[in-house]
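Hi,

Here is the structure I promised to send over. Have a look at it first, then read on for my notes.

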Amino acid sequence: MSAKSSSVAWTEFRSNPISILGLILVVFCIALALFADVITPYPEHVGPIGDFTAINQAPSAAHWFGTDTIGRDLLTRIIYGFRLSLLMAVLVLSISMPVGVILGLLAGYLGGWVEFVLMRLTDIFLAIPPLVLAMAIMGFLPATLTNAMLAVTVMWWPWYTRLVYNVVRSEAREGYVLAAEVIGASSPHVMFREILPNCAPAVLTKLTLDIGFVVLMVSSLSFLGLGVQPPTPDLGSMVADGAKYMPDAWWLSIFPALAIMVLVLGFNLLGDGLREAFDAEV
Amino acid sequence: MSPVLRLLLQRLAISVLVLIGVSILIFFIARIVPGDPARIALGPNASQAQIDALREARHLNDPIVVQYGWFIRDLLHGDLGTSLYTKRPVAQDVATYFPATLELVLYAGAMMILLGLPLGRLAARFQRRWPDHVARLLSVIAVCTPAFVWGVILQLTFAYIWPIFPLEGRLSNGIDAPPLITGFYTIDALLNGQISTFFNAVYHLILPATALALSGIGQTARLTRSSMIETYRRPFIGMSRAYGFREDRISRRFAFWPSLIPTLTILGLDFATMLANAFLVERVFVWPGLSRYGVEVIMRKDLDAIVGVVLVIAAMFLITNLVVDLIVSIINPRIRLAERKAKA
Amino acid sequence: MKTMTRLGLLACSTAMLLAAPLAAPLLAQERPLRLDEAAVGEIDPAKGADYADTVLGVNLYEALVYPKQGAAGVQPWLASDWTIDGLTYTFTIRDGATFASGNRVTADDVIYSFNRLMALGQGPSSLFEGRVDSIEAVDDSTVAFTLTEAFAPFLAALVQLSVVDSKLAMENQGEGEFGEFGDYASAWLSSASAGSGAYMTQAHDPQVETVMVPNPNYNGAAMDPLAPDEVTYRYSLEASTVRALMGRGEHDISSLWLPPEVLKAMAADGTVHLAAEPGGTGEYIMLNTQRPPLDDVHCRLALTSAYDYATTLQLLAVTDDMAQGIPMNGALPKGLYGADLDRPMPSQDMEKAREELAACQYDPKDYPLDIAWIAEVPARERLALLMQATFTQLGMDVKVTRTPWALITQQVTEPDTAPHAIEIAVSARTPDPDSLVYNMYSSTVPHTWMSASYLADDEVDGYLEAGRTETDPETRAQIYRDLNARLRDLAPAIYAYEFTGVYGIRNGIEVPNLEEEGKLYPTSGFSMLFKDIRVTD
């Protein structure tokens, strides 16, 4: 794998309209999440509050996306749902990515029994579909926000280990690595200063794609009632709770469903664009 | 020993090791949960004497490593414990509900291949022209949308607003399930010559299988496209153009087949995703499968049943990967273990 | 590959074309009845505990006695009559009573069923625990129970003792810990019925449905000529699914747990009518009397005074003349001994609430209040949030948590960690108030969801024991009235409202037990006798 210089990558990225669309969607979602307090029409509707005179109202000028089963503004809750989803994705990945990368470096570079143990462990985790493993962990723990993040983190690191391991295995035979070894550089130096930077494009690309997929995973968990608990606004549980009132109050589940779609789509298009620009294999 | 057989045995051995690893992982997670498993299993009205008796019977007073030994012994006898939810043996529940899930997943898998491959080929054939852009956008939307969202949208559109498909279930009310042979209603109905039952079962499969297949279709299309584009760069494509073969024929014969192999290796992963997504789709369509059972037992903290469900799904996943390996090595004997690993 | 694709597409489209005309269900039966319930059905009468289990039990099995139609007390059922002589209750089994298998119902079957219930120790066994000294067959059709001491609720409790076909059960028993009785056919009876009720199981899948057909050997209380000839009792359907199926004429009777707006929307469509099953169930907001600040009665009284009863009832309204609840003025729902209909219904009184709070030894700000609501019943979130809003006005810091039922049943076993307040519906399992209040308020019962107030009060215990031993009905009624008054003063719960089950029923189906005056069996679930339901189209 060869990493291109960032200016070449940017030129290539810019030339693809779909990648630009991804970038716009991502910026849009992040902006909504950051400025939710200012943008949303009814910021107090995030909390445990009900307006029993405005239950299940269809979309209108006052409530663009309608109101939910206890009279809260759905648009407000969806925007706060973006904030929560993004926050969770960032937290999950900021733990699982470094752990996975370091283990992958160790396994790939040190080889021997370290490689055997780590990679078999990775195989075990990867042998269970991620959602099923996360669900099973949630089955043993109380359903809270923290536990849901814990469950997703536990099943996410092996993907980075596998990715970095593969990159390291191909890089280890490259000339610059051998050269560093010949001049007597220490193992940590070779791993972190020589090899790691070359894993960056692949890891970065995967990270972008994964923000979308973590959002997807977390919303799936809460769709099943195993994730975030009310009154915290969460897109997955909004879809699940709203589905009970179909088809009369269709807006309860359709708008949050579209919101998940937009959020994941943005990160996916952006990640795809990065992959093509960096020519990274993920 | 032929290389294919040796490769297969090697993979089989690794799969068994991994499965043992999975059983250790899930067993220990189940045992470190707060609370006494015996008390949880017996429910809130149990007396201390009943709890003690169950602790004794399930060897819960032994050290955890010994407990794992008992667990494996029971497992080998086909005993997965008793479900708190259905009050029946977990093994029996799994046997009852798994065929429904497998049938759903296999039909979705078939849709994924039958629709995903042509869509990807179309995109590659018209690379960077409008059919490509449309196909790519469609497939990326399919990938980015959780299966439960597809379920809800399809159900709202084709079952509520425009009711041409059934809302839920495997068969219409009033139609009896065919005699149990494989547990697949479509196959059992055909084996018994019950044509109308067969069509009724297919009719019920369409919406949930589509909801489940959509992300796989997108994924397959994307992979087919990118590996075909790679193949297009190979010299023999330019050569066949020089020979004057028509573009259609090049796409179909020369570029498509070699591109199938990398796609195929990923199909195993897609299948795993489907097994997981079945949890979401079954919930939407009230599909009486293992996934729905899995959600119920997780909600109820039904430890034995959770362990059983996870083990069965992991085994299923490993078997799929073995089958994919076998097919790949038959199609292309040059593919070696290391190469496949690097791709995954 | 191309040919394969084409073939595949061809097969798919052919299937769709052919399937369309076949979509209408090919009904083998003339009068099918399709119902649903939120929970999973347990068909073994010795294990059943909730509403669905009661409905299955009364249709598949018969008990010696049954709640009296349209009145308090019990009436003959499998027993044609009985005599009470001190501690001995002697029952004569109805002439010609026969199980679905063709076996005659004998005294030995009653003995087997009772011993089985007590040995398995689940379901309704707690109603009899420690109360029966001996049970013996006087002759083939006469059975005598001898009690250990006077126990007034005994006769009513027998509505929960379903009689099992012992010969059939013993033929199908597996290995187990009960000696010659093996596993007491525990596995088998969870998959098939062996009773003398009007229906018998044809197929049972605890996750999907129970299919029942009429019992050809049934000779109990008369069966309506238009009674269904096949009953499908389905489990865990979503509210939206039930609504759509009923609109399409593919479902007949909804569960009790639909949100009011879904019921309202169904009724507005014009294809469904509503029927109510009132009585016997209280909605209690259990207050944890073991955990500060609610271990101080003044803090509890502050909450019962502040509770917004009027808005609660508004939220339960389905249509102008139908609601999922009615007001409740004490611990006992109407229709049971001790329910006091003349007392005024409670109403919100913030003034009084503030006074009580001032008298409470704790400063509410130091003790954040945990309120849980049951995840499976979405409409309860509204009441939890309503409480949060009103209690916050008292200066309390209130936290609301959605908790799955399975988790609640675990949490409540530990008073220290159980929530401060949680809304739980508790039904009388028999026509006697003892089956309700004893399990809720006696300090001797183990900690369960029924006793999540953890009340330990000598006076209450005194009334509860007296109610069990006193046999004169008038004196008993007074005991329960006194108990009710004491329970109002102690406020171990907010008596929020009395639950009224509201069913959506497809037009064309008649349920006389719910819809006709004086035909209701006042114990929850006992009116759902399929043999009395009419399928008229």
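Below is what turned up when I went through it, chain by chain. Keep in mind that this is a predicted model.

Let's start where chains A and B meet. Chain A puts 39 residues into the contact, and chain B puts in 42 residues. On the chain A side, the elements that contribute two or more residues are helices H5 (112-126), H6 (130-140), H9 (187-223), H10 (235-243) and H11 (251-278) of chain A.

In chain B, take a look at helix H5 (residues 90-125). H5(B) has 36 residues and spans 50 Å from first C-alpha to last, close to the 52 Å expected at 1.5 Å a residue. There is a bend of about 35° in H5(B) at Tyr97(B), with a proline, Pro99(B), following within four residues. H5(B) is also mostly covered, with 27 of its 36 residues buried.

Chain C has an open sheet of four strands, in the order E4-E5-E7-E6, with antiparallel pairing. Strand E4 (79-85) and strand E6 (132-139) of chain C are the edges, each pairing on one side only. On average, neighbouring strands in this sheet are turned by 20° against each other, direction ignored. E4(C) and strand E5 (residues 88-93) of chain C run antiparallel and are joined by six bridges; Asp81(C) has Thr92(C) in E5(C) as its bridge partner. Helix H3 (residues 107-120) of chain C packs on the sheet and touches E5, E6 and strand E7 (142-147) of chain C. The direction of H3(C) makes about 160° with that of E6(C).

Cheers

Notes. Residues numbered from 1 in each chain as written. Chains lettered and ligands numbered in written order. Predicted model: local features only at pLDDT ≥ 70, side-chain atom pairs only at ≥ 80, totals over all residues. Contact = placed C-beta atoms within 7 Å. Pairing = 2+ DSSP bridges. Axes fitted to C-alpha atoms, helices over the stretch in contact; angles between N-to-C directions. Expected span 1.5 Å × (residues − 1). Bend = angle between axes of the 7 residues up to and from the residue. Buried ≥ 20, exposed ≤ 12 C-beta atoms within 10 Å, placed from the backbone.
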